Amino acid sequence: KHIKPNSHIIEPGSGAGIKIQMLLSALDCPKSFTPLEISPSALKHSVATIKKAFPFLEVNGMVGDFTDQENINAIMSDKPHNNLVFFPGSTIGNFETDQAITVLKNLSNLAGTNGQILIGVDLIKPINTLLDAYNDKQGITAAFNKNLLHRINSELNGQLDVEDNFYHQSIFNSDKSRIEMHLVCKKAHKADINGTQFAFDEGESIHTENSHKYSTASFESLANLAGLEIEQLWYAPNQTYCLFLLTK
């Protein structure tokens, strides 16, 4: 009842087009869907997936970068307004405050004058819970983090000995309310990357990613800085995650 009928939905960073299917199934007569992707190949796959699942829905993809304000302004100059922008998955937490405000303003531009933004946010929770999740015993997050070094080897002609020389570490920065992911050097060594030699000291850290955690109040303050306000919100059953419906 909070989402307008006959909505045109835009999903920035649509990926494989899985999450959007849950929303489209629940909406009242969605008018059309636009996945927005920086990768043309990922966009092609997403469009095909949604067209197959919703054969009567108009689906038109757009290539674009939702973090680039000029890019968003350009692609929206002649597009319909009053849209619903779907941005789940707590991706907003990966950005520093200034960057997050820019992204929210870009989403607002995508939504249009009287549009809405449905955005997922990871909430603050006990530190041990966070650390257990980002230092999981299965090593999934560690493999994800180390993949950065493997890509340097495969795409930049790197000679990094990933497993012998680096280990994954996640810490909670309480001052900035965020998980920080690091790749820490096990021992002093040198490595060649595309013809340039780099020296690493024992204990030296490569800071690879952040994941900011918000309270309802702190995210509302962030949204307000982007000219947005909360229309409605929904908590996950364990209140570790929240969906916010934002409007201008």
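User: A polar contact is a pair of N or O atoms within 3.5 Å; within protein, one must be able to donate a hydrogen and the other to accept it, and residues adjacent in sequence count only if both atoms are side-chain atoms. Which side chain does Lys 125 join that way?

Analyst: The side chain of Asp 122, at 2.8 Å. This is a predicted model, where local features need pLDDT of at least 70 and side-chain atom pairs pLDDT 80 or more, while totals for chains, interfaces and linings use all residues. Residues are numbered from 1 along each chain as its sequence is written, and side-chain values use heavy atoms, with hydrogens and water left out.

User: Which backbone oxygen lies by a polar atom of the Lys 125 side chain?

Analyst: That of Leu 123, at 2.6 Å.

User: Is Lys 125 buried or exposed?

Analyst: Lys 125 counts as buried because its relative accessibility is 15%. Buried is under 20% relative accessible area, exposed over 50%, and partly exposed in between, with a 1.4 Å probe and protein chains only.

User: Where is Lys 125 placed?

Analyst: In the loop between β6 (116-122) and α5 (127-134). Helices (H or I, at least four residues) and strands (E, at least two) are DSSP runs, numbered from the N terminus. Leaving aside neighbours within four places in sequence, Lys 125 is in contact (heavy atoms within 4.5 Å) with Leu 130 and Thr 240.

User: Switching to cores. Which residues touch the most other members of the largest nonpolar core?

Analyst: Ile 92, Leu 104, Leu 107, Ile 119, Phe 219 and Leu 246, out of 31 residues. Such a core is a set of buried Ala, Val, Leu, Ile, Met, Phe, Trp, Tyr and Cys residues joined through side-chain atoms within 4.5 Å. Elements that each supply at least two residues of this core include α4 (97-111) and β6. α4 gives the most, with 7 residues.

User: What is Leu 107 in contact with, leaving aside neighbours within four places in sequence?

Analyst: Pro 12, Val 85, Phe 87, Ile 117 and Ile 119. A second, separate core of 17 residues includes Ile 3, Ile 50, Leu 84 and Leu 118.

User: By class, what lines the largest pocket?

Analyst: The lining has 12 nonpolar, 1 polar and 3 charged residues. A pocket, on a 1 Å grid over the protein atoms alone, is an open set of points where a 1.4 Å probe fits, with protein on both sides within 12 Å along at least five of seven lines; lining residues have an atom within 4 Å of a point. Asp, Glu, Lys and Arg count as charged, Ala, Val, Leu, Ile, Met, Phe, Trp, Tyr, Cys and Pro as nonpolar, and the others, Gly among them, as polar.

User: Which element gives the most to that lining?

Analyst: α1, with 4 residues.
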